[in-house]
Amino acid sequence: MNQTLLVELLTEELPPKALAKLGEAFAAGIVNGLKARDFLEAGAVATAYATPRRLAVTITQVRATSPDKAIREKVLPVSVALDAEGKPSAPLGKKLAALAAVAKVDAISLEQLERAQDGKAESFFFSYTAPGAALHTGLQAALEEAVAKLPIPKVMNYQRPDGADVQFVRPVHKLIALFGAEVVPLAILGLAAGRTTLGHRFLSQGEIAVPNAESYAALLEAQGKVVPGITDRKEKIRAALLDRAGHDKVLMPEALLDEVNALVEWPVVYECHFEEEFLAVPQECLILTMQTNQKYFALTDAGGRLRSRFLIVSNIETADPQHIIGGNERVVRPRLSDAKFFFEQDKKKKLADRLPGLANVVYHNKLGTQGQRTERVRTLAGDIARGIGADAALAERGALLAKADLLTDMVGEFPELQGIMGTYYARHDAEPAEVAQAISEHYQPRFAGDALPASSTGTAVALADKLETLVGIWGIGLAPTGDKDPFALRRHALGILRMLLEKRLPLSINQLLAQAAQLFAGNAQFKQADADIRVFLYDRLRGLLRERGFTQNEVEAVVAQEPDTLGNIVERLEAVQAFAALPQAEALAAANKRITNILKKSEGAVGAVQAGLLQETAEKGLHAAMTALAPKIDAAFAQGDFAGTLTALAQLRDDVDAFFNDVMVMAEDLALRNNRIALLSQLHGMMNRVADISKLAA
């Protein structure tokens, strides 16, 4: 009879950051173990549970006994099983005795064996039915496998009351294993399975007897004051925070929600306050200290300004929470006071006055100090600013001050605030607005999907900073390998590409790499690697464009040409998409691929087409069609009408087909051959001005 199965391990408090993975792995391990042993029906549904003090899983449609299984087992090759006289050999006798024990029969005779072809030889086979196993045997093995494979961050050694030494992530106190209403006789980690568990450490009293597997979650919540489902508990926290926030916005990053969720079994949200005077400190500092140090949830008003009230998630429900609220307010106050102190102290020294200190901060032992790096970035930022029509002086000033806040007390305490604090301090120092803004913007984009710098000055400094890192680190032999990228060069490359692409910057990739490499002139440990970095950038560009919905062939048609600027690459891709939808596209792409192969094999320089050497009607027709179409294609391309440029090519489809059907390109007459190659070279140039359409060929 199929029933629901429950397995629970009751433990001491599990490590919060590992709880979700532990819960998923525990449930998956048991499910996979039972599935491999054929104890689950096709419609079985597993539900994982994880709280700070337990890992559990319920599974529906579990079989009490696995089905009987028909087995056909190879015994031995005939040449080994029989001796020269055709009688059973000694190895056969040993094999049959062992097989009889496995098949649970008294004996197996030669007559019971099947003789069948096995590859090029013959072998004996024995068929039997293996009876199904009882659930407790399969579950015992599945539980042991699941526990052994748990992603435990650090194993703990402890001693049970009976003196047994045990290794697990935390001490385990109880084991539940219920099949319907029956206890499954299991044992692990020195515990024998039962039906009792414990509820909330403070809100529940005594053991809770679970009558059957189906009632587990509801019983824990109603009687034990425990929300066992990790997702259910997280959503309860989210809903309670939103409700308590009222008209304000609650700042609840998913990572903080997950961590708080792993600390409570019965979440209750309370409102706390701090003194208004702390709001004079940059709100990023206050938010970070509340989130990082105290696991609190800050609130902002509709305009994004921090409020002096915040929310906490407690594991205690009480009618008089004032002692909880007061305690948390007392805890956060010194932290906010520290932030205020750091801010006030930092403002006493200008960012510009901190610059000499960067000479004492090592950037990399092969690339010098942060001070030297700052000078490199400043030079490059000025060049980039001039290239995009921005104020070079502002860009250089922004680059000069960009890393100065690394020497402030606030950033020393909260490294996550680098750049952000620099902007505040620059404004306090009365630096130009764009300079102050560039100090925080130069780190953007910090991650996939992050905003790009909004100002032109910030863009110039951000590009310079990322290019200096990419070229410099690569140049000292620390290019990314496999999944190792300690200097985040992939992220820097994507940031560079996104700025060039999305801001349509008229900057040459080749020139940018050359300018960045020039910064390291005189460094004997630096080796210029523009070609390798360019390949690296185009590979990242392929992935970036694929993420935007373009197909691999469409992307390759454009990127294979290694465009030196990226400002119009999206228009090129959209033009390729439009062209690929035309009925003539497939034939023209195939023809272009054929032309590419012919040109690769041709020797010497390709000259101009000589009309007098055109003999065949098809080649004359193609030449005439190309000549008539060229002005239209030139005009469309000059106006940036890439779709029009490619679409116009469709008019050549019949002439191109006729040429390849009727004209022998590799004619014996060298003059004719060269003239036809010249004609194809001219056609190739017309076809590939926007993209290499041969890449669209299947």
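A: Let's begin with a term: a residue is called buried when its relative accessible area is under 20%, exposed when that area is over 50%, and partly exposed in between, using a 1.4 Å probe and protein chains only. The model is predicted, so local features need pLDDT of at least 70 and side-chain atom pairs count only at pLDDT 80 or more, while totals for chains, interfaces and linings use all residues. Residues are numbered from 1 along each chain as its sequence is written, and side-chain values use heavy atoms, with hydrogens and water left out.

Now to the rings. Rings of Phe, Tyr and Trp (its six-membered ring) form a pair if their centres lie within 6.5 Å; planes under 30 degrees apart count as stacked, over 60 as edge-to-face and the rest as tilted. The structure holds 11 aromatic pairs. One of them joins Tyr49 and Tyr216, edge-to-face, with 5.4 Å from centre to centre and 65 degrees between the planes. This pair links distant parts of the chain, 167 residues apart: Tyr49 belongs to strand E2 (residues 46-51) and Tyr216 to helix H5 (residues 216-224). Such helices (H or I, at least four residues) and strands (E, at least two) are DSSP runs, numbered from the N terminus. Why do we call Tyr49 buried? Its relative accessible area is 11%, which falls in the range under 20%. Tyr216 is buried as well, with a relative accessible area of 1%.

Next come Phe637 and Phe642. Their ring centres are 5.7 Å apart and their planes meet at 65 degrees, so this pair is edge-to-face. Phe637 is partly exposed, at 22% relative accessible area, whereas Phe642 is buried, at 5%.

A charge sits over a ring if NZ of Lys or CZ of Arg is within 6 Å of the ring centre and within 35 degrees of the ring normal. Elsewhere, the charged end of Arg540 sits over the ring of Phe536, at 4.6 Å from its centre.

Rings can also be linked in a group: ring pairs connect Phe274, Phe278, Tyr296 and Phe310 into a cluster.

Leu541 lies in helix H19 (residues 530-547) and is buried, at 0% relative accessibility. Leaving aside neighbours within four places in sequence, Leu541 is in contact (heavy atoms within 4.5 Å) with Leu497, Val559, Leu566 and Ile569.
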